[in-house]
Every structure is written in C-alpha cells, then in structure tokens.
Amino acid sequence: MKHFETVYKELEDLLIIKLPEYIDKINKKYNDNQILKPFENTSLEENCIKQPCFVLTINHGEYSDKDRIIEHETYNIKFEIKISENQKYKVASFWRYVESINKLFAEEETQHDYEVTDWVNTTLDI
C-alpha cells in the first residue's frame, strides 16, 4: 500500500501542480494562436465537469518473475483527456497535451518512472 500512496502523491504533484507549466511551454513553443488551457482538475479523483479535464485510473500492472524477485511494483495508469467537442483543432490540441505530458515525464525528476506507452482514442496508457 505504501508504494501506491507514493505513486499517487507523485502523480498528483506532477499532473495537478507541474503540468500547467508544461502546457504553457507548449503554447509558447508553437505560438500560433491555438492556446491550450490547463486542465480544470484540482485533484486526481475529481470528476471534473468543466473541460479540458482528465480522468485518471490507476491499476496494478502485470508482473514479470523479475518484478516479483526484486519487489518491483508496476502500475497501469489510464489518463483520459476530455476536450470540448466544439473546440477548434481538437485533434491537434490532444497531441499538444500529449506532448506536454511527455515533456513533463522526461524533464521532472521523480521517484518512479513514467512513460506514455500507448493510446486509444483520447486515453493514454502510462
């Protein structure tokens, strides 16, 4: 349980506190009048009504024999990005959010390793 709590707290810090800074960096990078708004979420468990927002689901992942031996925990995280249907350039906005998340994971020093491994529609696997 302690491992889950540290992962949860770290994700909360990354996605609620630090991600807006990375979204701002992406806005400055492209500087094309297509401005990404920070997510409206104020906590990870919140079911946000305003958009853009995200829904986060954390599950234990598959363990290999090596993981069990070294007591390595793996989590399967689903990060669904919700963008308003009437937003202009919805697909481009989605990929810019993904770019900001990848940049966050690459640049921030964390206790755990995070990476986007796959996506389906607007849901990322982390």
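Lys-103 is partly exposed, with a relative accessible area of 30%. In this predicted model, Lys-103 forms a salt bridge with Glu-107, and the closest N and O atoms are 3.0 Å apart. Both residues lie in helix 3. They are four residues apart, about one turn of the helix. Salt bridges with shared partners join Glu-21, Lys-25, Lys-103 and Glu-107 into one network.

Glu-107 also meets Lys-25 in a salt bridge, at 3.4 Å from N to O. This pair links distant parts of the chain: Glu-107 belongs to helix 3 and Lys-25 to helix 1, 82 residues apart. Glu-107 is partly exposed, with a relative accessible area of 40%. Lys-25 is partly exposed too, at 32%.

The structure holds ten salt bridges. One of them brings together the side chains of Lys-18 and Glu-108, at 3.2 Å from N to O. Lys-18 lies in helix 1, while Glu-108 sits in the loop between helix 3 and strand 3, so the pair ties together parts that are 90 residues apart in sequence. Lys-18 has a relative accessible area of 24% and is partly exposed. Glu-108 has 18% relative accessibility. The cut-off for buried is under 20%, so Glu-108 counts as buried.

Four of them form an open sheet in the order 1-2-4-3, with antiparallel pairing. Strand 1 and strand 3 (residues 118–120) are the edge strands, and each pairs on one side only. From one strand to the next, the twist averages 20 degrees. Helix 3 packs on this sheet and touches strand 2, strand 3 and strand 4. The direction of helix 3 makes about 140 degrees with that of strand 2.

Strand 1 (residues 53–60) and strand 2 run antiparallel and are joined by eight bridges. Here Cys-53 stands opposite Lys-82 of strand 2. Strand 2 also pairs with strand 4 (residues 123–125), again in the antiparallel sense, over three bridges. In this pairing, Lys-78 stands opposite Asp-125 of strand 4.

In a regular strand, side chains alternate between the two faces of the sheet.

The largest nonpolar core has 29 residues. Leu-15, Phe-79 and Ile-81 have the most contacts inside it. Helix 1 (residues 2–30), strand 1, strand 2 and helix 3 each give two or more residues to this core. The largest share, nine residues, comes from helix 1. Beyond its neighbours within four places in sequence, Phe-79 contacts residues including Leu-15, Phe-39, Phe-54, Leu-56, Ile-101 and Leu-124.

Helix 3 (residues 90–107) also contains Ser-93. Ser-93 is buried, with a relative accessible area of 0%. Setting aside residues up to four places away in sequence, Ser-93 touches Gln-34, Leu-36, Ile-83, Gln-87 and Lys-88.

The mean pLDDT is 87, and 89% of residues reach 70 or more. Among the elements, helix 3 has the highest mean pLDDT, 95. Helix 2 (residues 65–69) has the lowest, 51.

Methods. Residues numbered from 1 in each chain as written. Predicted model: local features only at pLDDT ≥ 70, side-chain atom pairs only at ≥ 80, totals over all residues. Heavy atoms only, no water. Buried < 20%, exposed > 50% of the residue type's maximum accessible area, 1.4 Å probe, protein only. Contact = heavy atoms within 4.5 Å. pLDDT = per-residue confidence, 0-100. Pairing = 2+ DSSP bridges. Axes fitted to C-alpha atoms, helices over the stretch in contact; angles between N-to-C directions. Core = buried A, V, L, I, M, F, W, Y, C linked by side-chain atoms within 4.5 Å. Salt bridge = Lys/Arg side-chain N within 4 Å of Asp/Glu carboxyl O.
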